[in-house]
Structure formats: C-alpha cells, structure tokens
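Subject: Structure handover

Hello,

Please find the structure below. My notes on it follow.

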Amino acid sequence: MKKTHIIGIIIIALAIGIIMTTAGDASTYVSFSEAIELAEDGNNKKVHVVGRLKKDEQGHILGMQYDPLKDPNYFSFILSDTNKLEQRVVYFNPKPQDFERSEQVVITGNMKNDVFIADKILLKCPSKYTENEIKAGEGKPKTASL
Amino acid sequence: MINTFIGDLGHLSVILAFVAAIVSALAYFMASYKQPLGQDKLDWKLMGRGAFIVHVIAVLGIIGSLFEIIYSHRYEYHYAWSHSSNHLPTHYMISCFWEGQEGSFLLWIFWHTILGLMLIKFNRKWEAPTMAVFAFVQLFLTSMILGVVIGDLKIGSSPFILLRDFMPDAPVFKLDPNFIPKDGNGLNPLLQNYWMVIHPPTLFLGFAAALVPFAFAIAGLWKGEYTAWLKPAFPWTSFAAMIMGVGIIMGAYWAYETLNFGGYWNWDPVENAVYIPWLTLIAAVHTMVIYKRSKSALRTTYLLVIVSFLLVLYATFLTRSGILGNASVHSFTDLGLSGQLFTYMAAFFILAIGMMVWRWKKIPATQKELTTYSAELWVFIGAAVLCLGAFQVLATTSIPVYNSFMGFIGLKTNAALPADQIGHYTKFQLWVGVAIAALSGYAQIMWYRKNEKENISNALAIPLILTFLFSALFLLLGKIGWMPAVDITKEWMYVILLLTSLFAIFSNLSMMFTLMQKKIALSGGAIAHIGMAMILFGILYSAGYSKVVSENMSGLLYSREFPDEMNRDNVLLWRNQTTEMNGYKVTYKGQFMEVKGVPEYVNKQILFPLVDPYKALARADIKQNGKTYFKTGDTLEIIPENTYYEVEYKKDGETFTLWPRAQVNEEMGLLASPDIKMFANRDLYTHVSSIPQPDEEKEWSEVKEHLIGIKDTIFINDYVAVLYGLEKTTAVQGIDLNLAEGDVAVQADMKVFGENKEYHIHPVFVIKDKLMGRIPDEVEDLGIRITFNNIDPVMNKFSFGVETTQKDYIIMKAMEKPFISIMWIGVFVMTGGFIMAIVRRNKESKADSSDGNDRPKVMAKQRKKIVA
C-alpha cells in the first residue's frame with residue numbers, strides 16, 4: 001500500500017470522527033416541556049429555546065427582575081415558548097440593554113431546580129425598516145441622551 | 001426636487017455592465033473554443049476584451065453614481081437614506097458605501113475588474129480562457145444588483161431604488177410623492193470605525209483574488225494544459241491567501257476594539273465562512289510548493305484551488321441568503337436573493353466539478369513513492385491537516401443549512417449550533433494548531449536539508465534544545481506568578497501547544513538564519529511560519545489565560561440559589577467611589593463626550609444640551625492642558641451618540657485612565673465598546689456592561705425645605721452644602737434670560753463638599769413679568785439637586801429645596817489578556833513572510849514562462865548551494 005493511501009484512510013477516519021463529534025456536540029431547538037423532561041432524565045445537555053417575552057397591554061415586560069444594586073450579575077425574566085408555556089429564566093449576567101425592545105428571544109442553557117439557567121441570550125429586534133417609520137419633515141433623531 | 005438622473009445613470013450602468021459581461025464571457029469563450037492555448041481566434045478575443053473594458057467603465061459608472069448619491073445626501077434614494085446621514089464624516093461615507101449588500105457586491109465586482117485588467121495586461125497567453133471565467137463570474141455578480149423585475153421574477157436588488165418605490169405604501173408618499181427626507185438613518189455606529197473603512201475592501205480583495213487561481217485551473221483543464229497553469233497561478237494563490245488573512249485579522253481586531261464579547265474571535269458563522277476558504281487556500285499554496293519540487297500532488301492542488309473558490313461562493317451564500325437566521329448575530333439583511341445566490345453557487349459547483357470529472361484521468365499523477373524522509377510528505381500532511389481544520393469548521397457552521405435542506409425535502413429537524421461554541425471549536429482547532437506548528441518546524445528543516453537522518457537530527461538539535469529550555473522557563477515563570485500559570489496536569493494540551501509553537505518558532509528561526517546567509521529572498525516561507533507560530537503562542541496565552549479582573553465581591557444575594565453557576569464577572573462602580581479589584585484601585589469618575597475642536601473628552605456636566613442634538617452650550621470654560629478652547633456660553637459641536645465613561649485605574653503607584661464607550665442607538669439599544677490599555681506583556685480590556693436606565697427620567701426624592709442665611713450650612717445625606725452669597729445675574733448656564741426692566745434674577749453661590757471634590761452649585765431665582773421662576777442646579781456626581789425657592793427680605797433668609805436621587809453608577813467588566821501583542825506582531829511577521837515569498841515566486845514565474853514541465857534551473861542550483 002502506498003503511503004498516500006494510508007494518509008487518505010487516516011484523513012477519512014478523522015473526517016468521520018469530526019462528523020460524529022459535531023453531531024454529538026450539536027444542540028437542539030426544544031420547547032420548555034422538552035427541556036424539563038431532559039432535566040428530569042438527568043441529561044445536562046444545553047439546549048436552545050425560542051420564545052417571546054410576556055408583556056402587558058402597555059407593552060411592559062412582566063416578571064422581569066434586575067437590581068444591579070443588589071447583584072449586577074443576576075437577571076431573571078419570564079419567557080413563553082412557542083407552545084405558550086411560561087418559564088422563569090435566570091441569566092447570570094447584566095441585563096442586555098436592548099432587552100425591552102426585543103420581540104423574539106432565543107436562549108441557550110438547561111433546566112435546574114425549576115428554573116432555566118441561560119448562558120446565552122440572542123435577541124431578535126423588530127426589523128429596521130417598517131413602512132410607517134418615516135415621518136414627514138424630519139429625519140429621525142438617532143439618539144437619546146444617556 | 002427628486003433627482004432621478006443620477007439614479008437612472010447608475011441603473012443604466014448596471015444594465016450595461018451586465019450585458020457587457022455576457023458579451024465578454026461569450027466572446028472570450030468563442031475565442032478559445034476548440035483552439036489550443038495561445039492560439040485564440042483574434043477577432044473574438046478582441047471583442048471579448050472590448051466588452052470587458054466596456055464592463056469596467058460601466059462598473060466605474062455604477063460606483064461613481066452610488067457614491068454621488070451618498071456624498072450629496074440624496075435621501076430620495078433608499079440606499080443613502082438607510083445607510084447615511086447628514087452628520088456622517090466623509091471617510092465613513094466610504095464605509096456606508098459597502099454597509100449594504102448591494103454596495104458590498106459592488107466592491108467585489110470592482111476588485112474583479114481590476115484583477116481582470118491585470119490578467120489581460122500580464123497574462124496574454126492565458127487571456128481568453130481565464131477571462132471567459134472572469135466575465136462569467138461578473139455576469140452573476142452584476143445580476144445581483146440588477147434590480148429588474150420580469151413578471152414575478154425579481155432579478156437582483158438595485159442600490160438605485162428610490163425611497164418612494166421601496167416603500168410605496170408609506171403614508172407620507174401618498175400625501176406628497178416628491179417628499180425627500182431631510183436626514184438619513186445613518187451608519188450603524190459600530191461600523192463607524194477606521195477598521196471598517198479598510199477591512200471590507202481587504203477581505204473582498206482576498207475573495208476576488210481567489211478567483212484568479214480558480215480561473216487558471218479551469219483554463220488549464222479546458223485547454224488540456226494540466227501543469228503550465230500553476231506557474232502564473234502560484235503567486236496569485238499566495239497573494240489571495242495573504243490578503244484574505246490580513247482581512248480576517250482586521251475584522252478580528254475591529255471586533256476586539258469595538259464589540260464587547262471580550263475577544264477577537266467568536267466562532268460566529270460569518271467569521272467562520274471566511275476562515276474556511278482561507279485554510280484551503282493556504283493548503284493549496286503548500287501543495288503547489290510540493291508540485292514545484294517533486295511533480296506530485298497535482299490533483300490535490302487542482303482540488304484545493306477549485307474548492308477554495310467554491311467555498312468563497314458558499315461563504316457568500318451563507319452570509320447573504322438569510323439561511324443563518326437565528327444562528328448569527330451579524331449576517332446581512334435578507335434581500336430575497338437566496339434563489340439567485342444559490343443559482344450562482346450551483347452554476348460554479350457544476351461547472352468546476354464537471355470539468356474535474358471530465359479531465360481527472362488526464363491530470364498527470366506520479367507513481368513515485370514518498371518516503372518518510374522526504375519533506376514533501378510532511379508538507380502534504382500539513383496541507384491535509386489544514387483541510388481537516390477547514391472541514392471541521394465547515395461541518396459545524398453548516399448546521400443551519402442542514403435544517404433548511406431537511407425542511408426543503410419535507411423533514412422537520414431542530415438541530416442547533418453547539419451551545420458551547422468556543423469549547424466545541426477549541427477541541428479540534430487546538431490540535432490543528434499543534435499539528436501545524438510541529439509540521440511547519442519539522443518540514444521546514446527537512447525541506448532545505450539533504451534527506452538524511454544524521455543531517456536532519458543535527459539541524460533539529462538546537463531548535464529542540466531551545467524549545468525545551470524556553471518551555472521550562474515559561475512554566476517556571478508561571479509558577480512564580482510572572483506569567484500566567486499553566487497547570488501541567490489539567491492543561492497538558494496547552495503545554496503541548498506551547499511546546500510545538502515554540503519549536504516552530506525556533507526551527508524556522510534557525511532555517512531563516514541559514515537561508516539569509518545564502519539568499520534573503522528564500523527565507524519568506526520560514527518568516528511566515530514564525531509569524532504563524534507567534535500567532536498560536538499569542539492565542540494560547542490571550543485566550544487560554546484571559547483573566548477577569550472585575551470580580552464582584554458584593555451582592556451575592558441571589559446567586560446563593562445556584563452556587564456553581566455563580567458569575568461575578570461584572571462589578572458595580574459608584575461614581576467617585578474607589579473600588580479595589582485584583583490589585584487595581586478603580587474609580588468611575590463621570591460621563592464625557594467628544595467636542596469638536598477640543599483634543600480630550602469633555603465632562604457632560606459642563607455641556608448644556610440644546611434642541612439640536614449635535615450642539616451644546618458650554619456651562620463653564622473648557623480648559624485642557626493650560627489652554628482655553630471655549631468660553632462659558634459658547635455653542636459647541638458635539639457627537640451625541642457616544643458617551644465615554646472615565647474609569648481611573650491605580651496600581652503600584654501608576655495611574656492611568658480608560659474611556660470605555662457606550663452608544664445609545666434607537667434600533668440597537670446600548671452598544672458598549674471597550675477601551676484597552678496595552679502593556680508589553682498584557683492588555684487590560686474594560687467595557688461598560690450596563691448603565692442606569694438611559695431612557696427613563698431620574699427619580700428624585702421628596703423635596704426638603706431649608707431656610708438658611710449666608711454662611712449657613714445644609715446637611716444632605718453624607719454631604720455638606722454651604723451658602724456663600726448671592727449675586728444678580730442676567731444669564732443662566734450661558735443662556736440669556738432676556739430680562740426686561742423690573743425683572744430680576746438672583747443666583748445663589750453654594751458649595752457642596754463631596755468625598756474628593758468640592759462642587760459649585762448655582763440655583764437661580766427669577767422674577768420675570770411679575771411671575772416667580774426657579775431654575776434648579778444639579779451635582780450629578782453626588783445625585784443632588786437644589787432649587788432656590790424664595791427670598792425672605794425681612795429675616796434675610798433664603799429658602800432652598802433639596803432633592804436627592806440615586807447616585808450615578810456603571811456596571812463594568814474588565815479582563816487581562818496576556819501576550820495578546822505577540823499575536824498581532826505575529827500577523828505582521830507572517831504577512832512580511834508572505835510578501836517575500838510572493839515576490840520570489842512572481843520573479844520565478846516571469847523568469848521561466850515558456851513551459852511548466854521542468855523545474856526552474858535557477859532554483860535547483862540555489863538549493864544545491866544551500867545543501868552544500
């Protein structure tokens with residue numbers, strides 16, 4: 001057998017190994033009930049959950065808790081997933097500043113003692129271009145003062 | 001008035017460029033069709049060339065028109081309205097040119113025209129077949145910005161679309177179809193950075209340059225010239241790999257400096273999409289070197305050159321088709337071009353794979369067996385490792401694509417990217433780094449030595465000794481705390497990476513010195529490898545041993561719930577209250593802004609905001625370093641988006657100040673950018689992670705009334721305020737009160753004693769048109785507001801209302817990144833090595849352009865000399 005063949009076989013073996021490991025490492029999009037089931041089965045694998053924030057009629061987010069004076073690294077909120085199941089989520093980081101204006105939220109993490117511990121939050125904000133956004137007579141002010 | 005001329009001119013140029021590309025592709029194809037290389041049909045060739053030149057002129061016309069629209073603030077055009085604004089400085093107008101997808105396509109098209117012209121000029125023999133490929137690519141790219149609708153089929157998205165055509169349902173256009181907005185939406189503030197002016201053109205030049213070797217490879221297959229194409233393609237492949245690498249690093253540096261995820265690389269799909277073809281291009285450079293010496297690895301070279309270009313197309317498809325959806329933070333907005341992008345990609349996949357299959361058997365392959373003592377074998381393995389590294393990143397990055405594909409064939413899947421991306425990629429890429437470092441050191445030494453055991457072990461001895469010596473030294477320095485401590489038992493893979501990268505540095509250094517004595521030009525490869533090893537060393541320490549400095553020691557109230565998940569990375573800093581963290585004494589000292597004409601930042605407290613957000617009044621003289629720049633009451637030009645937070649660090653008697661930045665953006669919320677203090681052995685990286693609600697009004701306590709006389713004091717929480725006197729005034733904070741006769745304004749002169757500083761405070765009491773008015777004054781540092789409520793002329797006492805609010809604070813994160821500078825230096829070293837190698841290969845390809853079948857004699861001679 002030629003050396004190049006041996007190299008070829010090793011490369012293919014490694015490539016298969018890479019694919020297997022990637023499949024093992026890949027996370028999944030699940031609902032909260034599935035996440036709870038996973039945790040009950042003792043599976044600590046981190047999953048993705050897509051959901052929306054619970055808001056009242058005025059558009060205020062309900063059940064949000066962030067008090068930087070007590071602990072700047074603790075943020076908790078309630079997310080309702082695609083099946084409308086509500087779940088408390090804890091994120092051990094400062095509250096993302098554009099959190100209030102987000103529509104859809106994707107979180108990564110797992111369930112622990114009845115709360116979902118998120119280690120990543122991805123916010124989907126409303127599209128930049130909405131048709132009635134443009135107003136006559138002026139450009140939009142781009143800033144608010146801090 | 002809406003100026004439709006410039007848009008029509010631009011749009012016409014797009015159509016012309018598209019048509020000219022079709023004509024050029026066809027003509028060049030016909031010129032070379034059934035003709036051997038170098039014997040093209042002249043009339044067709046001249047026609048192809050003419051059409052390409054028309055195409056180039058049309059492309060310049062598109063760019064000129066689009067730039068004119070942006071430069072002249074023609075907001076009747078959607079592109080200018082959505083990417084630019086009146087206050088944007090000229091150099092950022094260049095960046096907003098390519099902020100949108102259309103503009104970045106245009107940039108890519110532009111580089112192709114430049115490279116195409118160079119091919120026409122310098123590679124006459126190959127002109128027809130390579131330019132046929134070029135023009136074919138241009139046809140697809142210009143179609144992306146065509147903006148033509150045929151029935152239901154939309155081809156391309158034109159950058160010249162008018163705002164009213166973009167949003168025909170907007171009520172304002174129903175009222176007045178000729179409405180032109182007065183200002184645009186502006187450039188994404190994160191992109192207002194000098195790196196964003198040069199990073200996209202560099203990266204797209206790299207993309208464009210990858211087309212050159214691809215075009216040569218296809219031309220070689222087509223014309224049956226299976227080996228001759230390598231010579232002209234070689235320097236271009238190195239050039240593409242170098243430029244793409246520089247472009248990637250520029251993007252990484254921008255991310256390090258502007259974003260706040262705490263590093264330079266985040267394994268985001270958009271970053272990966274460029275990293276993958278870069279690795280395969282570098283692998284292609286190496287197999288080309290192997291071919292030059294031993295006539296082997298030709299088929300692999302073909303595959304790698306072709307795959308690199310196809311991966312560039314795949315990267316384009318990934319980032320621009322919207323397929324990444326939730327997976328990436330910063331892919332382009334979806335323009336609905338995914339079908340077109342897919343066609344573009346599919347066309348070239350089919351073309352390239354078809355050509356390969358058709359000609360595969362005819363590509364000469366050697367039957368020569370490689371021995372373990374031949375350097376070529378080890379270089380080949382190195383190239384294979386690079387490809388495996390690329391494959392691994394590709395396999396993971398494509399996860400969203402699998403979902404879409406399964407959805408397309410009717411199966412619902414829910415695969416997501418790994419939750420711990422950094423862990424996932426590091427697991428593989430660390431070993432790619434180890435293998436590459438070890439192989440580059442070993443193969444480099446073998447390459448220029450006679451393939452004999454003894455010779456090689458002699459040459460390896462000194463680098464190996466130095467490697468072990470320095471590794472031991474670094475581990476020891478880690479033990480005594482002078483360097484980051486490497487835990488040998490737990491972090492043994494880091495130790496291996498340290499060993500191999502040091503070995504790569506020393507063996508390539510020894511090779512570099514040997515080669516430099518013979519001929520400096522030969523040492524390019526060794527230098528590039530040293531740079532690569534320095535980058536690995538820098539990554540090892542800066543990413544592996546990045547340390548959070550801002551550990552939060554208070555407020556662990558909630559975290560007790562989950563002790564193992566506890567995160568203390570962010571710390572709360574009250575204004576003017578020093579906090580100690582990891583040996584640093586840190587104080588947050590206030591909010592500052594940029595003022596035009598003043599070199600340093602100016603405290604917000606002395607800037608009185610006006611109706612126009614870009615203007616402010618000076619409430620006090622602006623003095624810096626003994627020079628007065630503005631007087632009280634002057635109108636200043638400010639940049640309102642950016643607030644800089646003054647954070648003072650003290651350590652071992654040394655004091656320095658960092659200015660992390662936060663931008664408040666209507667669409668994107670708070671955008672925090674770090675400020676970085678560079679030391680020789682580490683960077684101190686600091687960013688604001690949260691601030692008190694910027695949108696909400698401050699909440700003040702209930703007003704407390706105090707009736708006092710001159711020289712009396714008021715106690716406010718922990719502070720003491722003293723009333724020193726009263727004086728008549730006609731203006732408040734630089735604003736004229738327009739007092740008429742009988743009106744009066746009195747200003748109290750008070751001083752508040754804070755922890756570190758005294759503050760002057762001047763509340764004003766006004767009687768104007770027989771009405772009382774009060775203008776309170778505030779000490780933001782202390783969270784105090786005082787109102788001058790009344791004057792009691794009989795008692796000679798004055799009444800003041802005092803309110804307090806929460807003091808200002810920031811929540812901040814700070815990290816130390818050891819030896820990150822080694823990585824940036826490594827980039828320069830690597831690029832320098834690349835340039836030397838390109839210059840040398842370019843000379844070779846010119847010196848010997850007749851045929852590619854035998855090894856250049858010059859080279860053989862040189863090598864003999866070295867070996868001797």
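This is a predicted model: local features need pLDDT of at least 70, side-chain atom pairs count only at pLDDT 80 or more; totals for chains, interfaces and linings use all residues.

The buried residues of helix 13 of chain B are B:Q340, B:L341, B:Y344, B:M345, B:F348 and B:A352. A residue counts as buried if 20 or more other C-beta atoms lie within 10 Å of its own, as exposed if 12 or fewer do, and as partly exposed in between, with C-beta atoms placed from the backbone.

Residues are numbered from 1 along each chain as its sequence is written, and chains are lettered from A and ligands numbered from 1 in the order in which they are written.

Helix 13 of chain B covers residues 338–359. Its 22 residues reach 31 Å from first C-alpha to last, close to the 32 Å expected at 1.5 Å a residue (1.5 Å times one less than the number of residues). Helices (H or I, at least four residues) and strands (E, at least two) are DSSP runs, numbered from the N terminus. Cover for the buried residues of helix 13 comes from elements including helix 6 (127–144) and helix 9 (194–223) of chain B, where contact means C-beta atoms, placed from the backbone, within 7 Å.

Chain B also has an open sheet of 4 strands in the order 20-31-30-29, with antiparallel pairing; two strands pair if DSSP finds at least two bridges between them. Strand 20 (704–708) and strand 29 (777–779) of chain B are at the edges with a single partner strand each, so one side of each has no neighbour in the sheet. Strand 20 is joined to strand 31 (residues 797–804) of chain B by 5 bridges, and B:L707 has B:S799 as its bridge partner in strand 31.

B:K698 lies in the loop between strand 19 (682–690) and strand 20 of chain B. B:K698 is partly exposed, with 14 other C-beta atoms within 10 Å. The C-alpha atoms of B:K698 and B:Q806 are separated by 8.2 Å, although the two are 108 residues apart along the chain.

Regards

Notes: Two residues are in contact if their C-beta atoms, placed from the backbone, lie within 7 Å.
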